[in-house]
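Thank you for making time for this.

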Amino acid sequence: MAFQIILNFALAFVWMFLSSNYTATGFLVGFILGIILLVIMRRFFSSRLYVFRIWAIIKLTILFLKELILANIQVLQVVLRPKLDMQPAFFAYPTVLREDWEITLLSSLITLTPGTVVVHVSDDAKTLYVHAIDISDVDDAIASIRDSFEKAILEVSKS
Amino acid sequence: MTILANSLVIFFISVGVLFIVVTAIGLIRLPDLYTRAHAASKSATLGVMCVLIGVFFHFWLIEDHFNPRILLGILFLFITGPVGGHIMTRSSYIAGVKPWKGTVRDDLASEIDNMKKEQGIK
């Protein structure tokens, strides 16, 4: 991915020298032409085009902002309810992610989203122990994490 | 235009203040450390973030001064907020703080016991 970005920048600079137009506009035109070249030449790269990965990162950010706002509305409801009738629980969440940065990202995202805080990561980094503030169905909570965040992170790290 | 900018600023700052108040109420009302960590790590982060965005918009749209340091502050809050919540709950659990009696399920107790045995902590 890094190689493709550097190549795209180099192509943009080559375009600036070819057209002797050393301005931001010249750079931008060269960059867009470079993207088109990369798309045409994509079968020579071993990994996928970096544009898709950047798009996946943007989608992850939007998902995260949405979940953050939902989380806060849920905390608001729990705190302001006249009777405290929530059911907290610690549950184990088996993860398929392997890289350290992926697990760190996943636990940060879980901590900032509705009703869950990561308390402990097991030594072999295969299980996250999560504290949920109001658990009616553990399987439901696990499935929702798996479908939203884990899938989005896998989409980013897919080569 | 000024009215629009002003209402944007007022909206963000009042939402932020609302979330900070909810955090404070949550810290008083909730029964144990782990549920309080929920209120502290989520609502406080979003509350402070909303106030910072409000301040950013005020200086940008009304005083005409673009201040990227506020945006960096929001980014740093995002990175450090959840880690703080995680570290505090984890160290409390290992130090033996008991969860609230209403806690319905505890997968973590056996894991922590094993860890303490392996590392020879009492």
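Let me begin with residues 68-88 of chain B, a span that is 100% helix and 0% strand, with its end C-alpha atoms 30 Å apart. Please keep in mind throughout that what you see is a predicted model.

Residues 52-73 of chain A are 100% helix and 0% strand, with 32 Å between the end C-alpha atoms. Residues 12-40 of chain A, on the other hand, are 83% helix and 0% strand, and here the end C-alpha atoms lie 16 Å apart.

In chain A, helix α1, residues 2-18, and helix α2, residues 24-40, have axes that come within 7 Å and cross at roughly 130 degrees. These two helices, α1(A) and α2(A), are therefore oblique to each other, and α1(A) passes α2(A) in a right-handed crossing.

In chain B, helix α1, residues 2-29, packs against helix α2, residues 33-62, at an angle of about 160 degrees, with the axes 8 Å apart. Because of that angle, α1(B) is roughly antiparallel to α2(B). Sorted by class, the contact of α1(B) with α2(B) holds 22 nonpolar, eight polar and one charged residues, and the crossing in which α1(B) passes α2(B) is left-handed.

There is also a pair that joins one chain to the other, namely α3(A) and α2(B), whose axes come within 10 Å and cross at roughly 120 degrees. They are therefore oblique to each other, and α3(A) passes α2(B) in a left-handed crossing.

That leaves the pocket, and which residues are closest to the centre of the largest pocket? The largest pocket has a volume of about 500 Å³, and of the 16 residues that line it, the closest to its centre are Phe64(A), Leu105(A), Leu109(A), Phe78(B) and Ile79(B). The elements giving two or more residues to this lining are α3 (50-80) and α4 (100-111) of chain A, together with α3 (68-95) of chain B. By class, the lining of the largest pocket has 13 nonpolar, three polar and no charged residues.

Note on methods: Residues are numbered from 1 along each chain as its sequence is written. Chains are lettered from A and ligands numbered from 1 in the order in which they are written. This is a predicted model: local features need pLDDT of at least 70, side-chain atom pairs count only at pLDDT 80 or more; totals for chains, interfaces and linings use all residues. Side-chain values use heavy atoms; hydrogens and water are left out. Axes are lines fitted to C-alpha atoms, for helices over the stretch in contact, and angles run from 0 to 180 degrees between N-to-C directions. Helices (H or I, at least four residues) and strands (E, at least two) are DSSP runs, numbered from the N terminus. Angles under 35 degrees count as roughly parallel, over 145 as roughly antiparallel, 65 to 115 as roughly perpendicular and the rest as oblique. A crossing is left-handed if the near helix is turned anticlockwise from the far one by less than a right angle, and right-handed if clockwise. Ala, Val, Leu, Ile, Met, Phe, Trp, Tyr, Cys and Pro count as nonpolar, Asp, Glu, Lys and Arg as charged, and the others, Gly among them, as polar. On a 1 Å grid over the protein atoms alone, a cavity is a set of points where a 1.4 Å probe fits but cannot get out, and a pocket is an open set with protein on both sides within 12 Å along at least five of seven lines; lining residues have an atom within 4 Å of a point. Grid points are joined across faces, edges and corners, and a volume is the space filled by probe spheres set on the points.
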